[in-house]
Amino acid sequence: MATTWRRRLVGLSLRGRPPPGHALLLPGCRCVHTCGMRFALDLVWLDAEGRVLGIDEGVRPWRMRSRRDAAAVLEVAAGEGERAAVALAFGRMPRMAEPQRNRLAVALDPRVPIYRDTYNEYFVLVLSAGGAAAGTQVPLYIVMAITGIWNVGIFMAACVVFELAVIFGLARPQMQPRERVGWVLLWGATTALLALAFYYLVAEPTL
């Protein structure tokens, strides 16, 4: 089952023909490409209940196929699509075409416990890095413009507090104490350094 973005992107491309009876399921998928494939594919389109909607047979490499009403697609080597569809119809393959959650919304939802996967960790890394680089400095820069110039120490401290409040209050409220210590050290120091650079390169020359 292709659940990570990398496995979904690569699929069965760049591989030899899989053994008979093997397939790749892409849940939450309505569009498939065959770029880099070394053999033709049969695409078995499924609805949210795992029922077969249709089969695109013999899709050659460097093609693209889509189906708007699909909730998942099963990729099998050409010639095995009908057998896979029959197996699904008679329950010999597990029902796996469950509706997929919006992972972006889930990652931002403080009510949902942290789930450990590559997408989630990279997403929070990008979110936190963006906040450390500019997301905290710009709002405080606007406050500085309204209230008067702060000294560099107060600006750095405000940026660090703001960044950590976003991480612990919105992005990762379910963190364990040991994780919180690590994030305080990592992003506190990173935000402080970037805030220092922002202050002398942007705030001080323009305010």
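Colleague: Why does Ile149 count as exposed?

Modeller: Happy to start there, with one reminder: this is a predicted model. Ile149 has a relative accessibility of 52%, and the label "exposed" asks for over 50%, so Ile149 counts as exposed.

Colleague: Where along the chain does Ile149 lie, and which residues is it in contact with, leaving aside its neighbours within four places in sequence?

Modeller: Ile149 lies in the loop between H5 and H6. Apart from those neighbours, Ile149 is in contact with Met144, Tyr199 and Leu207. Another residue to look up is Ala203: it is 54 residues from Ile149 in sequence, while the two C-alpha atoms are 8.4 Å apart in space.

Colleague: What makes Trp62 exposed?

Modeller: The relative accessibility of Trp62 is 59%. Since the cut-off is over 50%, Trp62 counts as exposed. You can find Trp62 in the loop between E4 and strand E5 (64-66). Trp62 also has a positive phi of about 65°, although it is not a glycine.

Colleague: Why is Ile55 called partly exposed?

Modeller: Its value is 29%. Buried would need under 20% and exposed over 50%, so at 29% Ile55 falls in between and counts as partly exposed. Ile55 lies in strand E4 (residues 52-59). Leaving aside neighbours within four places in sequence, its contacts are Leu43, Val44, Gly81, Glu82 and Ala85. Asp42 is 13 residues away from Ile55 along the chain, and their C-alpha atoms are separated by 6.8 Å.

Colleague: How do you know that Glu75 is buried?

Modeller: Glu75 has a relative accessibility of 4%. The limit for buried is under 20%, so Glu75 counts as buried. Glu75 sits in strand E6. Beyond its neighbours within four places in sequence, Glu75 is in contact with several residues, among them Gly11, Leu24, Val32 and Leu41.

Colleague: Let's turn to the rings. How many aromatic pairs are there?

Modeller: The count comes to four aromatic pairs. One of them joins Tyr141 and Phe198.

Colleague: Why is the pair of Tyr141 and Phe198 called edge-to-face?

Modeller: There are two checks. The ring centres are 5.8 Å apart, and a pair needs centres within 6.5 Å. The planes stand at 80°; the edge-to-face class takes angles over 60 degrees, so this pair belongs there.

Colleague: Why can we say that this pair ties together parts of the chain?

Modeller: Tyr141 lies in helix H5 (residues 137-147) and Phe198 in helix H7 (residues 177-206), so the pair ties together parts 57 residues apart in sequence. Phe198 is buried as well, because its relative accessible area of 15% is under 20%.

Colleague: What makes the pair of Phe155 and Tyr199 tilted?

Modeller: Here the centres are 5.7 Å apart and the planes meet at 45°. Phe155 is in helix H6 (residues 152-171) and Tyr199 in helix H7, which links parts of the chain 44 residues apart. Phe155 and Tyr199 are both buried. Ring pairs also join Tyr141, Phe155, Phe198, Tyr199 and Tyr200 into a cluster.

Colleague: Why is H5 called oblique to H7?

Modeller: The two axes come within 11 Å and cross at roughly 40°. Roughly parallel would need under 35 degrees, and roughly perpendicular begins at 65, so H5 is oblique to H7. The crossing of H5 and H7 is right-handed.

Colleague: Which residues of H5 make the contact?

Modeller: On the H5 side they are Gln137, Val138, Tyr141 and Met144. H7 contributes residues including Leu194, Phe198 and Val202. By class, the contact has nine nonpolar, three polar and no charged residues.

Notes
Residues numbered from 1 in each chain as written. Predicted model: local features only at pLDDT ≥ 70, side-chain atom pairs only at ≥ 80, totals over all residues. Heavy atoms only, no water. Phe/Tyr/Trp six-rings, centres within 6.5 Å; stacked < 30°, edge-to-face > 60°. Helix = DSSP H or I, 4+ residues; strand = E, 2+ residues; numbered from the N terminus. Buried < 20%, exposed > 50% of the residue type's maximum accessible area, 1.4 Å probe, protein only. Axes fitted to C-alpha atoms, helices over the stretch in contact; angles between N-to-C directions. Parallel < 35°, antiparallel > 145°, perpendicular 65-115°, else oblique. Left-handed = near helix turned anticlockwise from the far one by under 90°. Contact = heavy atoms within 4.5 Å. Nonpolar A, V, L, I, M, F, W, Y, C, P; charged D, E, K, R; others polar.
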